[in-house]
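Q: Please take a close look at the surroundings of the ligand in this model. Which residues form its shell, and how are they placed in the chain?

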Amino acid sequence: MNGKITFTMIKPDAVANGHTGKIIDHIISKGFKIVAMKYTKLSKEIAGEFYGIHRERPFFNDLVAYMTAGTIVAMVLEKDNAVLDFREIIGATDPKNAAAGTIRNLYATSIEANAVHGSDSDENAAGEASFFFNAFERF
Ligand code: CMP
């Protein structure tokens, strides 16, 4: 059975470019309920740990530098089939390949500065949500 939550971040480029409100509105309009949200800035240690799975990839250092360059908005979202439905509305990792009307098509500027993160599995969604939020911060 598919799970009910996913985890997302509005990334530094999208926050800096003033897209936070439009992206939150877009997410809510697609039927997701925000059950936790915080505005924060990642340290190199936290970003490195979060993206630990990509540690050996050639883009890892750039990714950490980019993700720590500005404020982000972290959220836990609830909906039936949350992980897959959210990946559908954000579009492909590279905005050049993101379908029209998806969040990355509308707001991303490059494969790295791609506006939002979305969990890729129920297991990762649960891990990422509890990495960012404790039980008292989720409703
Ligand atoms: P996300 O899916 O949030 O998690 C991994 C991130 O790494 C991805 O978004 C992009 O921001 C970045 N990324 C993935 N592939 C590449 C790539 N080929 N070059 C640069 N950055 C990438």
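A: **The ligand and its surroundings**

The shell around the ligand divides into four nonpolar, three polar and three charged residues. In this grouping, Ala, Val, Leu, Ile, Met, Phe, Trp, Tyr, Cys and Pro count as nonpolar, Asp, Glu, Lys and Arg as charged, and the others, Gly among them, as polar. The model is a predicted one, in which local features need pLDDT of at least 70 and side-chain atom pairs count only at pLDDT 80 or more, while totals for chains, interfaces and linings use all residues. Residues are numbered from 1 along each chain as its sequence is written, and side-chain values use heavy atoms, with hydrogens and water left out.

The residues around the ligand are Lys 11, Tyr 51, His 54, Phe 59, Leu 63, Arg 104, Ile 111, Glu 112, Asn 114 and His 117; a residue belongs here if one of its heavy atoms lies within 4 Å of the ligand.

Polar contacts come next. Such a contact is a pair of N or O atoms within 3.5 Å; within protein, one must be able to donate a hydrogen and the other to accept it, and residues adjacent in sequence count only if both atoms are side-chain atoms. A polar side-chain atom of His 117 is 2.8 Å from an oxygen atom of the ligand. For Glu 112, a backbone N or O atom lies 3.1 Å from a ligand oxygen atom, and a polar backbone atom of Ile 111 is 3.4 Å from an oxygen atom of the ligand. Of the 450 Å² of accessible area that the ligand has on its own, the protein covers 78%; such areas come from the Shrake-Rupley method with a 1.4 Å probe, and for residues only the protein chains shown count as cover.

The ligand takes up the space of the largest pocket. On a 1 Å grid over the protein atoms alone, a pocket is an open set of points with protein on both sides within 12 Å along at least five of seven lines. A molecule sits in a pocket if more than half of its atoms lie within 2 Å of the grid points.

The individual residues can now be placed. Helices (H or I, at least four residues) and strands (E, at least two) are DSSP runs, numbered from the N terminus. Buried means under 20% relative accessible area, exposed over 50%, and partly exposed in between, with a 1.4 Å probe and protein chains only.

His 117 lies in strand β4 and counts as buried because its relative accessibility is 11%.

Asn 114 is placed in the loop between α6 (103-107) and β4 (116-118). With 2% relative accessibility, Asn 114 is therefore buried. Its side chain reaches the backbone oxygen of Ile 111 at 3.4 Å.

Glu 112 is also found in the loop between α6 and β4, but its 27% relative accessibility makes it partly exposed. Glu 112 and Tyr 66 are 46 residues apart along the chain, and their C-alpha atoms are separated by 7.9 Å.

Ala 115 belongs to the loop between α6 and β4 as well. At 0% relative accessibility, Ala 115 is buried. Its phi is near 70 degrees, a positive value in a residue other than glycine.

Notes:
On a 1 Å grid over the protein atoms alone, a cavity is a set of points where a 1.4 Å probe fits but cannot get out, and a pocket is an open set with protein on both sides within 12 Å along at least five of seven lines; lining residues have an atom within 4 Å of a point.
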